[in-house]
Amino acid sequence: MHVNIVNTMSTQDVLREIAPLSEKDCFYVIERLKSEFNFPIHVHPEYELNFIENAKGAQRIVGDSIEKIDDLELVLITGENLEHAWINHHCQSASIREITVQFHPNLFKDNLINKNQFRSIKEMFEKAQKGVSFPREAIEKIRPLLMSLTLEKHGFYSVIKLMTILHELSLHFNARILSSSSFAGKVETFDSRRVKKVSEYIEKHFQEKITLTVIASLVNMSDISFSRFIKLRTGKCFSDYVIDIRIGHAIRMLVDSTHSIAEIAFLCGFNNLSNFNRIFKKRKNQTPKEFREQYRKKKVIV
């Protein structure tokens with residue numbers, strides 16, 4: 001397969017992949033048997049479902065998530081500008097199997113994706129704007145269907161199989177979101193009107209000092225009541241929720257800007273550099289400098 005690549009971003013090293021998918025095609029699927037990963041970090045407007053086996057120890061990069069993968073891997077990405085790649089890292093396998101399915105965002109069209117029967121798929125697509133990784137039980141369940149999809153010769157039945165795969169995956173509510181909302185440029189959506197209001201305020205004012213009292217008064221609650229409320233709704237205490245948003249913005253600056261790490265810490269609302277470095281390392285298991293160097297290294301054009 002020949003894949004065209006063009007450079008579209010000011011950072012020079014992030015690539016926009018042009019998939020061999022015409023407007024008249026519903027999707028395309030390709031199976032690769034290979035001994036290494038050699039495709040750099042890239043973005044593309046098509047939705048992508050990527051299955052990998054026999055690559056334990058390889059590294060997955062999706063947005064600001066950098067993780068080592070196991071022997072079975074399945075990720076769905078629907079964010080048009082969400083950077084992603086798989087890197088050799090500690091993978092020793094010489095028999096890696098990769099199946100990639102790419103399809104147009106408008107494959108289901110609004111009048112179909114909004115039907116009740118497609119609600120779970122729509123919700124999964126929304127989560128996958130930040131990339132989602134599926135648990136092993138989900139992978140093992142759809143693996144036979146995915147394998148048969150690579151062999152299907154009849155276009156109509158291949159579309160039915162793809163829709164079945166997506167439906168089965170959408171029923172696994174424990175699929176894990178990978179990238180942070182701040183890095184992916186997606187404001188988190190919540191059922192709670194008050195949490196949404198708080199989230200929007202923090203995203204707008206993350207560079208400033210944000211106190212519990214100010215936020216609690218924003219939603220007409222006492223400090224203690226709001227602390228309990230935000231923990232119940234988000235699973236995080238208030239300070240951690242604010243820090244996670246700031247870290248997401250900081251990582252985006254580390255990747256996309258030439259600001260020094262000290263400047264980024266200040267611009268993202270951290271009161272001093274040592275505090276920023278400590279918090280960053282605790283969340284990402286590496287310093288901001290190490291993250292920036294590692295991320296840029298993976299973006300070398302090949």
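Guide: Let me begin with a term: buried means under 20% relative accessible area, exposed over 50%, and partly exposed in between, with a 1.4 Å probe and protein chains only as cover. This is a predicted model, where local features need pLDDT of at least 70 and side-chain atom pairs count only at pLDDT 80 or more, while totals for chains, interfaces and linings use all residues. Residues are numbered from 1 along each chain as its sequence is written, and side-chain values use heavy atoms, with hydrogens and water left out.

Visitor: Is Asn-54 buried, exposed or partly exposed?

Guide: Asn-54 sits in the loop between S5 and strand S6 (59-62); helices (H or I, at least four residues) and strands (E, at least two) are DSSP runs, numbered from the N terminus. Its phi is near 65°, a positive value in a residue other than glycine. With a relative accessible area of 37%, Asn-54 is partly exposed.

Visitor: And Asn-285, buried or exposed?

Guide: Asn-285 also has a positive phi, near 60°, and is found in the loop between helix H11 (273-284) and helix H12 (288-297). Its relative accessibility is 68%, so Asn-285 counts as exposed.

Visitor: Which strands stand at the edges of the open sheet?

Guide: Six strands form this open sheet in the order S3-S10-S5-S8-S11-S12, with antiparallel pairing. Two strands pair if DSSP finds at least two bridges between them. A single partner strand is all that each edge strand has, so one side of each is left without a neighbour in the sheet; the edges are strand S3 (27-34) and strand S12 (176-177).

Visitor: Which residue of S8 is the bridge partner of Leu-49?

Guide: Strand S5 (residues 47-53) runs antiparallel to S8 and is joined to it by six bridges. The bridge partner of Leu-49 is Leu-76.

Visitor: How many residues of strand S8 are buried?

Guide: Both faces of S8 are covered. Leu-72, Leu-74 and Leu-76 are buried on one side, and Glu-73, Val-75 and Ile-77 on the other. For strand S8 (residues 72-77), the count is six of its six residues.

Visitor: How far apart are the end C-alpha atoms of helix H3?

Guide: The expected span of a helix is 1.5 Å times one less than its number of residues. Helix H3 (residues 136-151) has 16 residues and should therefore span 22 Å; this agrees with its end C-alpha atoms, which are 23 Å apart.

Visitor: Which residue forms a salt bridge with Glu-83?

Guide: Glu-83 is buried, with a relative accessible area of 0%. The closest N and O atoms of the salt bridge from Glu-83 to Arg-252 are 2.7 Å apart. Glu-83 lies in the loop between S8 and strand S9 (84-87), so the pair ties together parts that are 169 residues apart in sequence; the partner, in helix H9 (residues 238-256), is Arg-252.

Methods. A salt bridge is a side-chain nitrogen of Lys or Arg within 4 Å of a carboxyl oxygen of Asp or Glu.
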